[in-house]
Amino acid sequence: MATNYSSFLCFPFSFVLLLFFFGCSKKVEAINGAKELLGNLHQQTHVITVSSLSPAKVCSTPFKGSEILTSSLKVAHKYGPCSPLKKANTENLHQILLDDQTRVNYINSKISDQSTIETSAVQIPANSGISLGTGNYVVKIGIGTPKQDFTVIFDTGSDLTWIQCQPCAVQCYSQQDPIFNPFKSSTYANISCGTNACKQMQSASGNTQACTTKSTCSYEVAYGDGSYSIGYFARDKLTLSTSSDSFLKFRYGCGQENQGLFGSADGLLGLGRNKMSMVSQTAKKYGKIFSYCLPPRSSSTGYLAFGQQVGSTSKIKYTQLLTDKRGSSFYFLNLTGISVGGKKLGISASVFTTSGTIIDSGTVITRLPPSAYSKLRSRFRQGMSKYPTAPAYSILDTCYNLSGHTTVAVPTIVLRFARRTDLNVDVSGILIQASSTQYCLAFAGNSASTYLGIIGNMQQQTKEVVYNVAVGKLGFGAGACS
């Protein structure tokens, strides 16, 4: 009987291969397990130097990535060393937080809690939303022919763009640049009463008395901090100062009476969802798409870009934009949950739907429903238990004394939105320095469950935030200006 040597030889060889692959699989499993453990540890904390949280006094090298973006403007914090507003080069956190709370209070005073959130495809009448507190990031734009550059606050919670104009018939506040003289612009024109543009502005602002005594359409906007601007509704040539893009007959406010805490900025650029906003007025060219990246420190710069940016390399994850009849200008999102230190908090989705949530470039500190903030604060305090506490500071109630510490391990915070879109908050948006030794959690709770949740600009820092208003979605990309 012939011996089957091939079967005999294959058996030990196959056995050896089996042992080899079994051993390799165990090693691979162990390696993957170690990677997963390291990944989980990485997701649980940010280990940073305490000095990195302190504001610098010198403007750092500008962010270079924005140079590849077409139709982009440099963004600077109006109180930082990179700000072109030298007269406003003072950062007072106490005052910033007071102004921030005033803005939040004013937003909520304009929002009714009896509304149903619907998809962005639903058309709703324009209503008030242009009268908000002022923001704190500035860009340069050009107005008129020949063009004159102006430093303006950009605000996703406002619609009407306006600048101060001569002859300032009643009053103008002190600003950085020369006040605009409309008589020297060959493309300037007042908008007349009775036109669709005037009626649209009246409807959006609630300024029904704009045409009672004069043939020229007028506007009036009031802000939550008591600031205001009153003047003529006009059109002129708008130019993006860092590109060749320009728009004839751009509608804006030419302010004749202006007063308030604008930090010597020349006016405001409205990026809300109303038909008066720049987003809507430039839709033919930019398709109602814009994006920005807010720098992690006031001593560095970011960008504000318009249109579909070919040069943008960040991997963007999108969530749905919602509309709400309580405020047609606001960008509503579906916040579904929060994770702290790598663990999801036990918060019912109804907590977020009761209040509704917007994302806002002009609010500084993120506001959460009381029960959601309470759970975030509790988990954060657990993660920071080895550091000595410090007294509360203004609206910030969770503070630590980090004197004597060179590095600190800060629990990660992730805001989770519908469609599995996460905002992994940069550490610059988790802790804020209140004094030389005092550092506080940069979140706050609302005083009522029906008050609007607001994703503030600190929690958006370093992210590429993309607004595709045309198709009703908003996305986040990582590390766009870090």
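The model is predicted, so local features need pLDDT of at least 70 and side-chain atom pairs count only at pLDDT 80 or more, while totals for chains, interfaces and linings use all residues. Residues are numbered from 1 along each chain as its sequence is written, and side-chain values use heavy atoms, with hydrogens and water left out.

D100 and R367 make a salt bridge, with 2.8 Å between the closest N and O atoms (the term covers a side-chain nitrogen of Lys or Arg within 4 Å of a carboxyl oxygen of Asp or Glu). This pair ties together distant parts of the chain, 267 residues apart: D100 sits in helix α2 (residues 93-110) and R367 in strand β19 (residues 366-368). Helices (H or I, at least four residues) and strands (E, at least two) are DSSP runs, numbered from the N terminus. Shared partners join R103, D155 and D360 into one salt-bridge network. The whole structure has eight salt bridges.

Turning to the sheets, one is open, with four strands in the order β17-β16-β23-β24 and antiparallel pairing (two strands pair if DSSP finds at least two bridges between them). β17 (343-344) and β24 (421-424) stand at the edges with a single partner strand each, so one side of each lacks a neighbour in the sheet. Four bridges pair β23 (residues 413-417) with β24 in the antiparallel sense, and L415 has L423 as its bridge partner in β24. Helix α7 packs on this sheet, touching β16 (335-340), β17 and β23, and its direction makes about 15° with that of β16. Contact means heavy atoms within 4.5 Å; axes are lines fitted to C-alpha atoms, for helices over the stretch in contact, and angles run from 0 to 180 degrees between N-to-C directions.

Another open sheet of four strands, also antiparallel, has the order β20-β21-β26-β25. Helix α7 (residues 370-383) lies across β21 (399-401), β25 and β26 as well, at about 135° to β26. Three bridges join β25 to β26 (residues 438-441), and Q433 stands opposite Y439 in β26.
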